[in-house]
Amino acid sequence: MLAEQLLRLTRRLHRIQSRQLEPIGITPAQFRLLRTVATYDAAPRMADLAQRLDVVPRAVTTLVDALEASGRVRRAPDPDSRRVVRVEMTDEGRATLRSLRDARRAAAEEILAPLTAGQREVLGGLLSALVDGMPERRC
């Protein structure tokens, strides 16, 4: 029963987030890639992104293609290797990321609206225990 509730909540959160992201013109997967690019100090390699996102490199290529077409990222040559392509966030990408973070907060607020501040704190602690207690799985 608990697993089903968690799955239903995850699906609901995904639907709400997708609804929030649609006006911005970005998919949840593109948002995830944009967030991941932002975590690096220097422009990451496509292979780094695939590994971090735990997806095949072709999936990253497709996401980068779409984000590049919308002006949110750009491909840049690696100064040390002509075969390596790096992904840089553009100013448009940074602005989009700020908007997306606001949309994500709104989606979370919608999901958490029925809970009191105390219940939210307890839920946060329980979720942290579950997430922190899971071993990292790499394919």
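Modeller: One term to begin with: a patch here is made of residues with over 30% relative accessible area and no salt bridge, and nonpolar side chains are joined into one within 5 Å. Also, this is a predicted model.

Biologist: Fine. Which residues form a nonpolar patch on the surface?

Modeller: Leu 2, Leu 6, Leu 127 and Leu 130, and together they have about 370 Å² of accessible area. Helix H1 (2–21) and helix H6 (117–133) each give two or more residues to that patch.

Biologist: Take Leu 127. Is it buried, partly exposed or exposed?

Modeller: Leu 127, in helix H6, has a relative accessible area of 39%, so it counts as partly exposed.

Biologist: Now the inside. Which residues in the largest nonpolar core touch the most other members?

Modeller: Leu 33, Leu 34, Val 60, Val 64 and Val 87, out of 20 residues in that core. Two or more core residues come from each of helix H2 (28–38), helix H3 (46–53), helix H4 (57–69), strand S2 (85–89) and helix H5 (91–112).

Biologist: What does Leu 33 touch?

Modeller: Leaving out residues up to four places away in sequence, Leu 33 touches Leu 49, Leu 53, Val 60, Leu 63, Val 64 and Leu 67.

Definitions and conventions: Residues are numbered from 1 along each chain as its sequence is written. This is a predicted model: local features need pLDDT of at least 70, side-chain atom pairs count only at pLDDT 80 or more; totals for chains, interfaces and linings use all residues. Side-chain values use heavy atoms; hydrogens and water are left out. A nonpolar core is a set of buried Ala, Val, Leu, Ile, Met, Phe, Trp, Tyr and Cys residues joined through side-chain atoms within 4.5 Å. Buried means under 20% relative accessible area, exposed over 50%, partly exposed in between (1.4 Å probe, protein chains only). Helices (H or I, at least four residues) and strands (E, at least two) are DSSP runs, numbered from the N terminus. Contact means heavy atoms within 4.5 Å. Patches are made of residues with over 30% relative accessible area and no salt bridge: like charges are joined within 9 Å, nonpolar side chains (Val, Leu, Ile, Met, Phe, Trp, Tyr) within 5 Å. Accessible areas come from the Shrake-Rupley method with a 1.4 Å probe; for residues, only the protein chains shown count as cover. A salt bridge is a side-chain nitrogen of Lys or Arg within 4 Å of a carboxyl oxygen of Asp or Glu.
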